[in-house]
Amino acid sequence: MGGPMGEEELSLYDPALLLSLNFFDSPANFNPRISAAAPGEVWLKVRPLQTGDFHRGFLQILSQLTKVGDVSLTQFLNRFAQMRASGDYYVTVIVDSRYDKIIGSATLVLERKFIHGCATRGRLEDVVVDDTYRGKQLGKLYCVAIQTRVKMIVVTVSLLAKELGCYKMSLDCKDKLIPFYKSIGYTLEPGNANTMNIRYEPTTRSISRNAAGNQPEDTEPS
């Protein structure tokens, strides 16, 4: 699996950032202690998204969360290049190294603002873990015994936001997940607990220039 033999893969961001994260800065409780560098089982690895992850099941993992669509390798690599060039996307994955397979992912998106002295806000997006691993402490975010691996990937990207200088980290979640996020330091803001969106029909097309040229791209709900 992964990229073609002999082809060097690119990471979406510098993997060294993960090594600098201090899990003691998080109110999340891990027993035994783990970190992005030492996530527990020897076969687990936490790292940035890579170009070869198209072949490791990354999109299949996302399809357990929402509609992905028929994304080609070319589209994947073009979007990867756009995200990497922007420097504002930190897609972080969990890999089962025994099978060279992506089993979990979470994304930190940076929003650069004029407010708060041109500060940066982080947003937590697309938290998902392979449903076939949920019986092995890799899912079920809202169960009584909070599953270690899901907590690990969320804490990792949350600490990453702090490391990158974000003044706050935000997320949207279902009511049943609120206790989980509270347990790792997130709080509800009084008077600002509702999320509102406007969604566009799947036929709406956004004309944008991607890394390959002037190809139109479908907009997908998430």
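These are my notebook entries on a predicted model of one protein.

**Entry 1: the overall layout**

I began with the secondary structure and found 6 helices and 7 strands. Read from the N terminus, the order of elements is α-β-α-α-β-β-α-β-α-β-α-β-β. I then looked up burial, and 41% of the 222 residues count as buried. The accessible surface is about 13000 Å², and carbon and sulfur atoms make up 52% of it. For contacts I took residues at least 6 apart in sequence; 66% of these contacts join residues at least 24 apart.

**Entry 2: S26**

Where does S26 lie? I found S26 in the loop between α1 (16-19) and β1 (44-48). Leaving out residues up to four places away in sequence, S26 touches V155, L159 and I184. The side chain of S26 also reaches the backbone nitrogen of A28, at 3.1 Å.

**Entry 3: cysteines**

How many disulfides are there? I counted 0 disulfides.

I turned to the aromatic rings and found 7 aromatic pairs in the structure. One of them is formed by Y13 and Y90, with 4.9 Å from centre to centre and 50 degrees between the planes, a tilted arrangement. Which parts of the chain does this pair tie together? Y13 lies in the segment before α1 and Y90 in strand β2 (residues 89-96), so the pair ties together parts that are 77 residues apart in sequence. I checked both tyrosines for burial. Y13 is buried, at a relative accessible area of 7%, and Y90 counts as buried at 10% relative accessibility.

**Entry 4: the pair F58 and F76**

I next looked up the rings of F58 and F76. Their centres are 6.4 Å apart and their planes stand at 65 degrees, which is over 60, so the pair is edge-to-face. F58 belongs to helix α2 (residues 58-62) and F76 to helix α3 (residues 73-86); the pair links these distant parts of the chain, 18 residues apart. I noted that F58 and F76 are buried. These two rings are also part of a cluster, in which ring pairs link F54, F58, F76 and F80.

**Entry 5: charges over rings**

Which ring does the charged end of R98 sit over? I found it over the ring of W43, 3.8 Å from the ring centre.

**Entry 6: G57**

I ended with a glycine. G57 lies in the loop between β1 and α2. Its relative accessibility is 17%, so G57 counts as buried. I also looked up the distance from G57 to G104. These glycines are 47 residues apart in sequence, and their C-alpha atoms are 10.0 Å apart in space.

Key: Residues numbered from 1 in each chain as written. Predicted model: local features only at pLDDT ≥ 70, side-chain atom pairs only at ≥ 80, totals over all residues. Heavy atoms only, no water. Helix = DSSP H or I, 4+ residues; strand = E, 2+ residues; numbered from the N terminus. Polar contact = N/O pair within 3.5 Å; in protein donor to acceptor, adjacent residues only side chain to side chain. Contact = heavy atoms within 4.5 Å. Buried < 20%, exposed > 50% of the residue type's maximum accessible area, 1.4 Å probe, protein only. Areas by Shrake-Rupley, 256 points an atom, 1.4 Å probe, with all protein chains shown as cover. Disulfide = S-S within 2.5 Å. Phe/Tyr/Trp six-rings, centres within 6.5 Å; stacked < 30°, edge-to-face > 60°. Lys NZ or Arg CZ within 6 Å of the ring centre and 35° of its normal.
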